[in-house]
Structure formats: structure tokens, C-alpha cells
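This briefing covers selected strands, a helix and a ligand site. Please consult the sequence and the structure shown here alongside the points that follow.

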Amino acid sequence: MALDQAHTRNFCIIAHIDHGKSTLADRLLEHTATIHARDMRAQLLDSMDLEKERGITIKSHPIRMDYKAADGQTYVFHLIDTPGHVDFHHEVSRSLSACEGTLLVVDAAQGVQAQTINNLYLALEHDLEIVPVINKIDLDAARPDEVAMDIVDLIGCELDDIARVSAKTGEGVPELMEHIVRQIPAPKGDGAAPLKAVVFDSQFDAYRGTIAYVRVVDGEVRKGDIIKMMGGGQEHEVGETGFFRMQQVATPQLSAGEVGYIATGAKNVSAVQMGDTITTKANPATDPVLGYVAAKPMVFSGFYPISTEDYEELKDSLDKLKLNDAALTYVPETSAALGFGYRVGFLGLLHMEIVQERLEREYGLSLIATLPNVVYETKLTDGETMLVENPSQLPDPGTIESIGEPFVKASIITPREYVGSVMSVTLDRRGEQSSMEYMDGDRVQIEYLMPLSELVVDYFDKLKSVTRGYASLDYEYAEYRVSDLVRLDILLNGEPVDALSVIVHRSKAYEWGRDLADKLKELIPRQLFDIAVQAALGGRIIARSTVKALRKNVTAKCYGGDITRKRKLLEKQKDGKRRMKQVGSVEIPQEAFLAVLKVER
Amino acid sequence: MVRPRGSDEVSLYVHIPFCDVRCPYCHFYCFVNRDAQLPLRYVRALATEFDAYLDGGEFDAPLASVYFGGGTPSALPPDARAVLTQWIADSLVPRLSPQGEITVEVNPESAWAETIDPWVEAGVNRISVGIQSMDEETLKFLGRLNTPRSNLRALDLACARVENVSADLILGTPGGDWGKVLRSLEAICSRPVQHLSGYLLEVHAATRFGRDVKAGKWKPAPDEQQTGLYLRAVDWLQERGYEPYELSNFAHPGFESRHNARYWRRQPYLGLGASAHSYGGEQRWSNHRDAAAYCADVEAGKRPVDFRETLNADQQWEERILLGLRTREGVPLDWLRGREQLCAAWAAAHLVERNKGRLRATPAGWLVLDQMVAQLVQ
Ligand SMILES: Nc1nc2c(ncn2[C@@H]2O[C@H](COP(=O)(O)OP(=O)(O)O)[C@@H](O)[C@H]2O)c(=O)[nH]1
Ligand code: SF4
Ligand SMILES: [Mg+2]
């Protein structure tokens with residue numbers, strides 16, 4: 001039976017991180033009895049271990065609920081909980097394209113934050129109807145009236161359109177349900193038209209192949225249909241269709257206005273690109289729903305197994321992760337220092353951390369990750385342009401005309417008293433202020449154009465620390481710009497270690513060189529001979545330090561033939577070395593490759 | 001069976017756990033005994049344990065060496081000493097191979113003619129004297145009962161009784177500067193001592209020194225100072241004909257300890273007594289670290305063994321490297337295939353040297369041997 005569109009509401013939840021999306025989703029599930037009270041756990045939709053542990057949402061989580069409204073009618077709600085971190089903007093954007101409306105959740109104590117605004121703009125770009133929700137009204141520090149005024153200013157809505165809830169106590173949730181029915185438009189797809197379903201996510205299943213998470217815009221789809229990816233061109237036979245409860249529930253068909261899944265049988269997730277539109281081979285639609293844009297990795301890092309034998313395993317593990325993480329890219333690379341590894345591309349630092357942690361925890365790999373870097377657009381004197389994803393591959397300075405690097409538009413909201421500090425840390429990272437606006441009472445929104453490379457290192461931590469945690473940050477890619485960049489090399493005992501090279505702005509090269517040489521001196525343990533640590537700029541040494549040789553490490557006595565004890569001691573020492581990489585004759589601990597991140601600036 | 005391929009002799013280590021005082025740096029299994037019956041029971045148990053190995057047919061090879069260590073063998077009470085002496089004469093000497101070496105460790109304060117003479121008569125031909133230092137202050141710090149005077153008296157006595165005398169020395173105590181070390185070396189070498197063991201002081205957590213250092217009562221001498229002393233001592237001894245044939249052992253040519261060499265070369269040995277370790281080719285095993293429990297087991301006809309391991313090929317190779325590099329002989333280069341780059345770097349830093357197809361550590365290399373070995377067997 002086709003979906004009754006008039007009684008359907010498709011929406012997602014967007015918010016600044018920690019404003020309560022996941023908790024609110026829990027309440028909606030509970031209120032609609034989608035989940036029994038006895039099965040209730042916190043942050044129910046966050047299913048990955050990492051999501052639960054860190055309290056962040058990484059993947060979009062769709063779910064279908066049945067709501068009996070005050071008008072006596074039963075409505076189908078399709079809710080999509082979206083990730084709350086800038087790295088996963090893309091994911092949010094795709095989820096929005098599956099909806100007619102969105103709940104914009106704002107913390108009643110913290111008020112509007114950087115991501116609130118950016119997410120709002122994103123929602124407006126998708127022509128979504130906004131249902132503003134002030135959450136956490138139970139908090140002592142809540143100031144819902146002030147926050148409501150801000151929201152009115154921001155969106156231009158009526159005060160009455162704003163729902164006030166506590167996702168913790170459930171207060172206001174029944175009223176919110178009515179807001180949803182009232183304010184979010186019903187889908188208006190054409191059930192008789194050719195199939196058009198937009199893919200907003202996918203998941204790999206060993207038995208059913210790639211499962212596309214879709215919003216059907218027009219037409220319908222059922223088991224056995226031959227579907228076609230309008231962007232990618234691949235064809236698949238539908239093995240199953242269904243919708244989402246806590247588990248996937250198979251249904252004979254999906255029809256216009258519905259959110260659900262299509263099992264495509266594809267053995268390779270790249271055969272079902274997110275953002276692509278699915279139609280049928282027999283009766284194809286003419287235009288896709290979205291202009292398709294692939295998620296582009298913004299930062300790159302070299303991943304190397306500590307023990308060279310793990311190289312194949314690293315590849316297999318990346319392949320497996322890739323099945324559920326289309327934004328992940330990787331190509332083999334070789335480092336003179338580290339051997340065989342992969343240059344892995346990520347959406348941002350959080351994404352990188354997550355992938356690294358999963359490789360280490362779920363796949364048991366011991367890895368060295370090199371300092372993350374951005375992609376440099378290098379114009380050569382012969383007119384060619386070269387994209388450099390690895391600092392050690394930057395060509396000879398003599399052949400370079402100019403180097404471009406990605407800049408982002410960063411927006412920061414901070415209490416007024418910290419404006420000075422924010423400006424100084426941002427200026428220090430080559431940020432150019434483009435606007436500054438005073439918001440309610442005592443807060444300021446500042447926008448900067450700044451190099452992504454400066455932002456990825458540790459800008460957010462620094463920002464948080466100078467504003468005692470009050471500043472919020474969001475950013476989006478803006479453009480490539482030419483900068484005066486140079487490569488800083490690190491030499492250990494006179495040998496350059498390619499994996500330690502970084503590309504930095506010329507004005508900072510000396511400072512970085514000094515800090516790095518000092519930091520490496522701390523991080524590299526004493527070894528059997530002095531180790532000269534040098535930082536070099538185009539072959540010229542600009543800073544140096546020395547790791548003094550270890551003088552004594554021996555068990556003098558080997559008494560009464562107790563060799564077992566000696567061997568056990570040796571085992572311990574070997575364990576300690578397991579997290580070290582032998583580069584030439586020098587042993588470098590894993591952390592040293594991220595030394596730059598630890599440089600106090 | 002303690003008669004693996006390629007070896008036709010075994011050695012015997014005999015542990016005597018009794019001491020007159022517990023030295024604050026010592027982490028061996030030893031104690032100040034308060035049970036008047038125990039020493040006699042104990043030496044009888046040693047003989048029984050030995051017989052059990054013989055009766056079990058587990059060993060029938062001649063004895064390359066016997067070593068009475070401790071603890072303090074010279075601290076045994078007279079009755080126990082007499083039984084021990086008899087056992088040496090009756091059971092051990094007849095099995096000793098022609099070049100066989102029998103060593104007894106003594107401490108100066110209990111090294112008297114009445115202790116030593118019966119042993120020598122029974123067949124003991126090597127005496128190791130626990131001198132540790134010739135400096136009054138250092139001896140006090142080390143909590144020893146011997147003095148510079150008793151040291152010399154004991155050395156003279158030992159040298160008068162056997163040709164092969166060894167002295168133990170501890171280096172690197174706080175405040176133990178080169179002047180004091182030199183005085184000790186000179187005093188020892190003024191006597192016809194053929195062999196010296198020189199150890200850098202190690203502070204183990206489970207000793208009184210370990211607790212003192214943890215509590216901040218004193219600080220170990222800085223590494224640079226300790227290593228400086230060691231290297232100077234090596235030079236000094238070498239100039240006087242004492243060759244460093246292992247990282248802590250120095251001898252006039254021909255007086256290297258046969259017994260210790262068997263540990264380093266992984267030749268089989270039986271350990272008798274509480275806490276004693278044995279090695280039989282692929283297996284290592286050891287006895288209880290409790291003299292009373294040891295006696296009870298042996299008296300009840302049980303094996304007093306409480307640990308046993310079989311070494312796999314990797315472990316055997318690791319042992320060969322780890323023990324071989326302790327010696328002046330070093331190890332054959334082809335045991336280290338694939339590690340040429342490391343070895344070359346260490347050679348450049350004068351930590352190792354290549355010699356007739358073998359790799360050996362220099363004295364500076366010995367000081368960081370644990371680190372080198374860990375890197376080699378990685
Ligand atoms: N006091 C209070 N705390 C809340 C409320 N809603 C969420 N929280 C807490 O705020 C934190 C962030 O919530 P979460 O749902 O994970 O936010 P998300 O990052 O937007 O998904 C968690 O510790 C929640 O328990 C609320 O209404 N009142
Ligand atoms: S005499 Fe020897 S065995 Fe006994 S406590 Fe002192 S150092 Fe240890
Ligand atoms: Mg969440």
C-alpha cells in the first residue's frame with residue numbers, strides 16, 4: 001500500500017554539538033512508543049561504540065515513528081538524527097535533502113552557537129521549514145525567553161512557533177509533536193511519476209550487499225525492480241525494500257514521500273554513491289534530485305603499520321572501513337623512513353581520529369599517523385599545476401611558481417570579554433577577520449577567512465582554552481589562495497626523515513623549526529648514541545637539538561644461572577619498543593610523528 | 001635428561017641461602033637463619049636432591065664444574081659444614097672431570113682456616129671472596145660485616161690455600177669516587193688474586209636500598225659517574241693483565257671461571273638447593289624459593305621444582321644473543337643476519353666491534369647491553 005503522504009512528516013534534527021539532539025530523539029521514540037520503556041537506553045540511535053563513548057553522533061540515523069495526533073489522525077514521522085560535528089557537514093547536508101523540515105535545537109542556557117547558525121543556513125538552502133526548539137529548559141541556567149528572542153531575530157519566525165522542551169524530563173515534548181504536525185509540510189511527491197529516490201546514506205551488509213538509505217521523492221520501488229544510479233550509471237536488482245524501526249523492517253514497496261532503504265546487492269559501496277538519485281531502468285526519470293557532489297577529503301595523513309608485516313592487514317582493514325565510510329580515501333605510499341603505508345584522506349581531524357581509533361581498536365593494528373596536512377595546489381614554473389597531498393612530495397623550490405592552500409570561512413561565537421583573545425589566537429594562525437557582529441546581550445559573532453592548515457592542527461583546542469570553553473566554532477571550505485609557504489624538513493643524525501616534513505608559512509618557519517627540534521628532543525628516548533635533531537629550510541639548518549646518548553642500561557649480574565629472569569626483562573624491553581619505529585639507526589616513538597601537534601603555541 | 005646433544009659434561013650450582021646479615025642491596029634468595037636444625041637438614045637435602053637426579057637416570061655425565069654460591073657458604077654452622085665437606089669428597093670429586101673446577105664463595109668475616117681447609121682438602125680448588133670494597137665507608141654503606149683488614153686477611157688465607165682466588169667488587173655506590181675504587185683495586189691486586197668480578201651497584205625495588213631510594217633517603221650515583229668508574233676500572237685491570245672476558249668478570253689468562261662460562265655458552269647445569277636454576281638444553285627449571293619447603297619436598301621424595309619452561313626456537317636464539325654478547329667472544333655474525341645496519345651504526349659509535357667473523361661488545365657497549373639486545377631481537 002502506498003504511503004499516505006498527507007499524514008507523513010519527514011524531518012531531521014540539527015543543532016550545535018551537545019545541545020541535545022540525541023536525547024531529544026530518545027524522547028520522541030519514547031513518546032511514540034517506537035521503543036518500549038524497558039528497552040530504553042540513553043542516546044539510543046548512536047549505535048557505534050565510538051559514538052556512545054564520546055557522546056557524539058557520527059552517522060545519520062533514520063527512524064520511523066507512528067504518532068497519534070490531537071486531531072485523532074495517525075501520522076508517520078520519519079526522523080533523521082544527524083551528526084553534530086563540522087567534519088560531517090556533508091552527511092548533514094544529504095540528510096536534509098531527504099526532509100521537508102527540521103527541528104533546530106538550541107540549548108536554553110548556551111543559546112545560539114556557531115553551528116546553530118551554519119546549520120540553519122544549510123537548512124534554508126534546502127528550503128526546509130524550521131521548527132525551532134529550545135531544549136534544556138529544566139536547567140537552572142536556562143534563559144528561554146532571551147534565547148527565544150535571539151531565535152526570532154535569526155529566523156524571523158513567530159514566538160509561538162518555538163517549542164520549549166526538556167529532552168531530559170520530557171517536558172514540552174507532547175506540544176513539540178503538535179508543532180511538527182502543524183509546521184512541517186507534508187511531502188508532495190508524484191506517486192505515478194518515474195522513480196526518483198535520493199540516497200542520503202549507505203551501509204554495507206555482508207549478505208544483502210550495499211543498503212542504500214533513501215528518500216523516495218516520486219514514484220515507487222519494489223523488490224525485483226532493476227534500478228539505475230542516475231549519476232554513477234550502475235544498475236542493480238532490488239533485493240529488498242523496507243523502513244527503519246530500531247531494526248530494518250522489510251515492506252513490499254517504498255513509495256513517494258517515504259524514507260526507507262533499498263538493498264541493492266552491490267558488493268562495493270562505491271556503486272551506490274551518497275547524494276546520487278536512484279531511478280528504474282524500465283521507466284527512468286529525467287533529472288536527478290540533487291546535483292551530485294562527492295564528499296571531498298580535506299586533510300591527509302600517512303598511516304604506516306609499526307611492524308612492516310601488518311601492511312596487508314592495514315589495507316584489508318581500510319577496505320572494510322571504507323564499506324561504511326564513503327568519505328574515506330586512501331592510496332598506497334612509500335616513505336623512506338616508514339616504509340609502506342597509505343596516504344589517507346579525511347573530512348577533518350575528528351574523522352581522522354575516529355578512523356585511527358577504529359583501526360587500532362577494532363582491527364588491532366599499531367599505527368604511526370603522520371601530521372595531518374591539507375592539499376597544496378602547486379603551480380610550477382612550466383605552467384603545470386600539481387596537487388600535493390604529502391609535504392615530502394613538494395617539488396624543488398626552484399621549480400615552484402606559487403603554492404596555494406585551502407582557506408575556510410570560520411565563524412566563531414564568543415562572549416564579548418574573550419574577543420581580544422580570540423582575535424589574537426586567530427591572527428596568530430593567519431586568520432583574516434571578515435566580519436564581527438554583536439548578538440544578544442554579551443556575545444559576539446566573528447567571521448574569519450583562515451588557512452585550513454592552521455585550523456586543523458589545534459586551533460579549536462586553543463580557542464576553547466582562551467575562552468574557558470565558551471567559544472563555539474564552525475567552518476566551511478571557502479577557496480584556494482596563494483600563500484608564502486615553505487617545507488620544513490627534520491633531520492635525525494643528518495638524515496632527513498620524510499615523514500616528519502611539514503609545510504608551513506615562511507613567517508613561522510623559524511619558530512616551528514625551533515619548537516619541533518625541542519619537542520622531538522623530549523619525545524625521542526635516549527638511545528645508544530647522541531642523536532642530532534635538526535630542522536632545515538631548503539637545505540639550511542635553522543634549529544638543532546641533541547638527544548644525549550644513553551649511558552647505562554645493563555644487568556651487571558647474571559647470578560646462579562637464572563637466565564629466565566633476564567629473558568623476562570628482555571620481553572619487557574621489547575614490549576616498550578613495540579610502539580617505536582626504527583628509522584635508520586634511530587628509534588622513533590609513535591607520538592613523535594605528531595610532535596607538531598604538541599608544540600605549545 | 002641433562003645430557004643434550006653436543007655436550008658431554010654438566011655443571012652443578014649449589015645454593016646455600018644462609019647469611020650472617022642481610023645486605024641492604026641484595027635481592028638473592030638468602031636469609032639470616034634462626035632455625036638451628038635447618039642448615040643440617042638443608043645440606044642433607046642437597047645430597048638427596050643430587051642423588052635423585054642420578055637415580056632418575058637423568059644425568060650421568062662428568063662434572064665440568066661445581067659452584068657453591070649463596071647466600072654465604074662460609075656462614076654454615078660447623079655440623080652442616082662437615083656434612084657438606086663429606087659430600088664433596090664422596091659424591092662430587094669422584095665425578096669431577098680432569099680439568100674440573102670447584103668454587104666456594106666465602107665472606108671475609110667467616111673465612112677462617114677451619115672453614116676453608118677442610119674444603120680444600122676435600123677438593124675445592126677455587127675460592128671467591130666477597131670483598132666488595134676496600135673502603136671503610138663504602139663497606140658501611142653496603143651494610144657489610146667485613147672490613148678492609150678482614151678483607152686482606154681473608155685474601156691472604158685464600159691465596160695461601162688455592163691458586164685460583166677471585167674477589168668481588170661493587171662499583172658505583174654514591175660517593176664511591178675513582179680514588180676509592182682505585183684503592184680497592186690496588187689492595188686486591190697487591191695479592192696474587194687471579195680473578196675479579198666487578199659489578200655496578202643495582203638498586204632493586206624489593207630491597208632496603210630500593211625502599212630508601214624511593215623514599216628519597218639517598219640518590220644513586222649519576223649514570224655518567226658509574227659508567228666512568230666502570231670504564232676506568234676496565235682499563236686499569238686490563239693494563240695489569242686482567243682481561244675482561246665477560247662484562248663483569250676479569251681474569252688473568254687461563255683463570256677464567258669455567259663455571260660461569262657454561263651459563264653464557266648455554267651448556268647444561270643442574271641447580272641444587274632452594275631457588276636454584278637448572279638448564280638442560282631445551283628446558284629451564286628452578287626450585288622453590290623457600291629453604292624449609294625445599295627440605296620438606298626433598299625429604300618426602302618429591303622434586304622441589306616449582307617452575308619449568310621449554311624454550312622455543314626464538315627464545316633459544318634470544319638467549320644465545322643475550323648471553324653471547326655478555327662475553328668477550330661475542331657471537332658469530334651470521335646469527336645477526338638482517339641487522340647489519342644496526343651493527344654498523346653501533347660499530348661506528350664504538351659500542352661493538354667485528355672480530356674474526358664475530359661481533360662483540362666493547363666495554364662501553366656492555367654498559368648499554370640490555371638496550372642493544374632488545375633492539376637486536378626486536
Ligand atoms: N539538563 C538537561 N540536559 C540535557 C537535556 N538534553 C540533553 N541534555 C544533556 O546534554 C548533553 C548532550 O546531549 P546530546 O543529546 O548528546 O547532544 P547532541 O550532541 O546534540 O546529540 C548530554 O549530557 C545530555 O544528557 C535537557 O533537556 N536537560
Ligand atoms: S652476604 Fe651476599 S647473599 Fe648474603 S645478603 Fe649479603 S650480598 Fe646477599
Ligand atoms: Mg548526538
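Two strands pair if DSSP finds at least two bridges between them. Helices (H or I, at least four residues) and strands (E, at least two) are DSSP runs, numbered from the N terminus. The model is predicted: local features need pLDDT of at least 70, side-chain atom pairs count only at pLDDT 80 or more, and totals for chains, interfaces and linings use all residues. Residues are numbered from 1 along each chain as its sequence is written, chains are lettered from A and ligands numbered from 1 in the order in which they are written, and side-chain values use heavy atoms, with hydrogens and water left out.

**Open sheet in chain B**

- In chain B, three strands in the order E13-E15-E14 make up an open sheet with antiparallel pairing.
- Strand E13 (331-332) and strand E14 (352-355) of chain B each have a single partner strand and stand at the edges, so one side of each has no neighbour in the sheet.
- Four bridges connect E14(B) with strand E15 (residues 358-361) of chain B in the antiparallel sense.
- B:Arg354 has B:Leu359 in E15(B) as its bridge partner.

**Hairpin in chain A**

- Strand E32 (residues 580-583) of chain A runs antiparallel to E33(A), and four bridges join them.
- A:Met580 lies opposite A:Pro589 in E33(A), and A:Gln582 lies opposite A:Glu587 in E33(A).
- Two residues lie between the strands of this hairpin of E32(A) and E33(A), where A:Gly584 adopts a positive phi near 60 degrees.
- Strand E33 (residues 586-589) of chain A is covered on both faces, with A:Val586 and A:Ile588 buried on one side and A:Glu587 and A:Pro589 buried on the other.
- Buried here means under 20% relative accessible area, with exposed being over 50% and partly exposed in between (1.4 Å probe, protein chains only).

**Helix H4 of chain A**

- Helix H4 (residues 114-125) of chain A contains twelve residues and spans 17 Å from its first C-alpha to its last, close to the 16 Å expected at 1.5 Å a residue.
- The expected span is 1.5 Å times one less than the number of residues in the helix.
- Nine of the twelve residues of H4(A) are buried, among them A:Ile117, A:Leu120 and A:Leu122.
- A:Asp127, with a positive phi near 60 degrees, follows H4(A).

**Surroundings of ligand 2**

- The residues around ligand 2 include B:Cys19, B:Cys23, B:Cys26, B:Cys30, B:Asn107 and B:Arg144, where near means that a heavy atom of the residue lies within 4 Å.
- The shell around ligand 2 comprises six nonpolar, four polar and two charged residues.

Terms used: Ala, Val, Leu, Ile, Met, Phe, Trp, Tyr, Cys and Pro count as nonpolar, Asp, Glu, Lys and Arg as charged, and the others, Gly among them, as polar.
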